[in-house]
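The sequence and structure come next.

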Amino acid sequence: MSVLALAGGVGGAKLAEGLAAILPPGELTVAVNTGDDFEHLGLRISPDIDTVLYTLSGLNNQAQGWGLEGETWNFMAALERLGGETWFRLGDRDMATHIERTRRLKSETLSEITADFARRLGITHTIIPVSDDPAPTMVATDEGLLAFQDYFVRLQCRPRVERLEFPRIADARMSPGLAAALSAPDLDLIVICPSNPFLSILPILSLPGMREALTNRRAPAIAVSPIIGGKAVKGPAAKIMTELGMDVSPVGVAEFYGALIDGFVIDDADSGLADAIEGPKFLVTNTLMLNAEDRRGLARDVVTFAREFALK
Ligand code: FO1
């Protein structure tokens with residue numbers, strides 16, 4: 001079975017881990033948001049790619065959601081002593097990823113580097129950036145237009161979001177791997193992971209040609225709700241939905257994806273809402289991924305659900 005998963009950071013990485021565990025090697029392509037990418041301390045940081053790489057290789061810090069387990073922070077402490085910028089924390093071991101990526105970007109694409117990092121970390125599936133071209137997400141807020149990490153980490157998502165902007169997106173192309181996966185004749189399933197629909201998935205959908213490719217999809221598309229019982233499992237999705245005047249429920253998320261999806265997966269806690277979801281078929285199951293068994297269970301449910309659709 002050939003599966004393409006669209007993912008952001010933590011929520012996306014968890015379902016990707018489940019899919020990676022149940023699918024034979026090589027059958028999963030995880031296309032990862034690059035709207036959060038930025039340059040910091042002279043280094044190119046690709047936070048969502050790293051979260052997926054670290055999660056699929058079992059190296060991730062599960063409690064924190066980003067970074068490496070057992071990390072040390074000597075670099076940050078030394079930088080603080082020198083009066084450097086410490087609002088964005090780079091762990092000692094994590095630094096190797098950013099330094100090596102930055103060095104290699106002089107002569108290789110982000111796709112090539114990511115594929116090689118994945119192989120070296122023992123990952124047997126394909127991980128690709130959605131684009132090799134920088135197209136950073138900007139957040140228009142009541143405190144002005146902010147670069148993504150300024151909004152997310154420095155200001156801890158406190159400003160009120162008015163809209164998201166992608167000023168460089170018109171010049172960004174889908175990565176070769178994403179374009180190939182979307183048009184592959186043997187693609188069986190597209191999964192929109194339970195990542196933040198606005199911060200993680202909207203930058204992907206905004207890439208030129210992406211909405212068209214999904215509209216003319218050759219395989220069913222299934223999204224998993226990141227909202228459970230009126231709350232986001234992690235992060236500011238619920239806060240942003242409120243600020244954008246949306247219903248903080250899976251119904252609002254399903255409406256946001258509209259005709260781009262055939263199936264929508266909601267949590268048992270929201271089973272009462274199923275009838276309110278218009279358009280896609282829905283599946284009610286446990287979507288709270290607290291451990292590896294939950295992640296595999298949800299991945300299995302999504303793959304089984306996909307068999308109900310016959311688009312080809
Ligand atoms: N998130 C934070 O909340 N604080 C940090 O200091 C931080 C550092 C960091 C370093 C490397 C990396 O790959 C990710 C990092 N993140 C941090 C996560 C990052 O902000 C992600 O963009 C968000 O988690 C959204 O996916």
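Which residues line the largest cavity? The answer is Asn33, Thr34, Gly35, Val130, Ser131, Asp133, Ala135, Ile169, Pro203 and Leu207.

## Basis

This is a predicted model, in which local features need pLDDT of at least 70 and side-chain atom pairs count only at pLDDT 80 or more, while totals for chains, interfaces and linings use all residues. Residues are numbered from 1 along each chain as its sequence is written, and side-chain values use heavy atoms, with hydrogens and water left out.

## Cavity

Rolling a probe the size of a water molecule over the atoms shows where empty space is left. On a 1 Å grid over the protein atoms alone, a cavity is a set of points where a 1.4 Å probe fits but cannot get out, and lining residues have an atom within 4 Å of a point. Grid points are joined across faces, edges and corners, and a volume is the space filled by probe spheres set on the points.

By this rule there is 1 cavity of 30 Å³ or more. The largest cavity holds about 40 Å³ of space. Its lining has 5 nonpolar, 4 polar and 1 charged residues (nonpolar: Ala, Val, Leu, Ile, Met, Phe, Trp, Tyr, Cys and Pro; charged: Asp, Glu, Lys and Arg; polar: the others, Gly among them).

## Largest pocket

A pocket is an open set of points with protein on both sides within 12 Å along at least five of seven lines. The largest pocket has a volume of about 890 Å³. Its lining consists of 44 residues, and Gly9, Val10, Trp66, Phe152 and Lys234 lie nearest its centre. By class, the lining of the largest pocket divides into 22 nonpolar, 15 polar and 7 charged residues.

Helices are DSSP runs (H or I, at least four residues), numbered from the N terminus. Helix 1 (10–22), helix 2 (47–56), helix 4 (94–104), helix 6 (148–154) and helix 8 (197–205) each supply at least two residues of the pocket lining. Helix 2 gives the largest share, 5 residues.

## Packing of helix 1

Axes are lines fitted to C-alpha atoms, for helices over the stretch in contact, and angles run from 0 to 180 degrees between N-to-C directions. The axes of helix 1 and helix 2 come within 9 Å and cross at roughly 35 degrees. Contact (heavy atoms within 4.5 Å) joins Val10, Ala13, Ala16, Glu17 and Ala20 in helix 1 to Thr51, Val52, Thr55 and Leu56 in helix 2. The residues of this contact divide into 6 nonpolar, 2 polar and 1 charged.

With helix 12 (residues 292–306), the axis of helix 1 comes within 7 Å and crosses at roughly 75 degrees. Helix 1 and helix 12 are therefore roughly perpendicular (65 to 115 degrees). The residues of the contact of helix 1 with helix 12 divide into 8 nonpolar, 1 polar and 5 charged.

## Helix 8 and helix 11

The axes of helix 8 and helix 11 (residues 250–257) come within 12 Å and cross at roughly 10 degrees. That makes helix 8 roughly parallel to helix 11 (under 35 degrees). Pro197, Phe198, Ile201, Leu202 and Leu205 of helix 8 make the contact with Val253, Phe256 and Tyr257 of helix 11. The residues of this contact comprise 8 nonpolar, no polar and no charged.

Terms used. Parallel < 35°, antiparallel > 145°, perpendicular 65-115°, else oblique.
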